[in-house]
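Welcome, and please take a moment to look over the model below. We will then walk through it together.

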Amino acid sequence: MRLLKIIFVFFLIYFIRRFIQMYRTMKQIQDAQLKAHEDLLRRQKTAEQTQAGNVINADFKVVD
């Protein structure tokens, strides 16, 4: 009976550690996805501003 309790405690500790490790990995993946999404939005915004700037500059070009 005592051996059974010891084995149970070790399995409990093992599964808790695995759960914590899985949680940390999922959190890292989520953080990486969020950063990639923010980078994508920043690039799109920059591209839109550049495109809008090019259009405005094209409107004001002097044609001889």
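The paragraphs below take up a surface patch, the aromatic pairs and the salt bridges in turn.

This is a predicted model, in which local features need pLDDT of at least 70, side-chain atom pairs count only at pLDDT 80 or more, and totals for chains, interfaces and linings use all residues. Residues are numbered from 1 along each chain as its sequence is written, and side-chain values use heavy atoms, with hydrogens and water left out.

Let's begin at Phe8, which sits in helix H1, residues 2-59 (helices are DSSP runs of H or I with at least four residues, numbered from the N terminus). With a relative accessible area of 54%, Phe8 is exposed (buried means under 20%, exposed over 50%, and partly exposed in between, using a 1.4 Å probe and protein chains only). Phe8 belongs to a nonpolar surface patch whose members include Val9, Leu12, Ile13 and Met26, and together the patch residues have about 1,000 Å² of accessible area. Such patches take residues with over 30% relative accessible area and no salt bridge, joining nonpolar side chains (Val, Leu, Ile, Met, Phe, Trp, Tyr) within 5 Å and like charges within 9 Å. The areas come from the Shrake-Rupley method with a 1.4 Å probe, and for residues only the protein chains shown count as cover.

Now for the rings. The whole structure holds two aromatic pairs. In one, Phe11 and Phe15 have ring centres 6.3 Å apart and planes at 25°, so this pair is stacked (rings of Phe, Tyr and Trp, the last by its six-membered ring, pair if their centres lie within 6.5 Å; planes under 30 degrees apart are stacked, over 60 edge-to-face, and the rest tilted). These two residues of helix H1 are four residues apart, about one turn of the helix. In the other, Tyr14 and Phe15 have centres 5.4 Å apart and planes at 70°, so the pair is edge-to-face.

Which charged contacts turn up? A search of the whole structure finds three salt bridges (a side-chain nitrogen of Lys or Arg within 4 Å of a carboxyl oxygen of Asp or Glu). Asp31 pairs with Lys27, their closest N and O atoms being 3.8 Å apart. Lys35 meets Asp39 at 3.3 Å, N to O, while Arg42 meets Asp39 at 2.9 Å, N to O. Asp39 is buried, because its relative accessible area is 18%.
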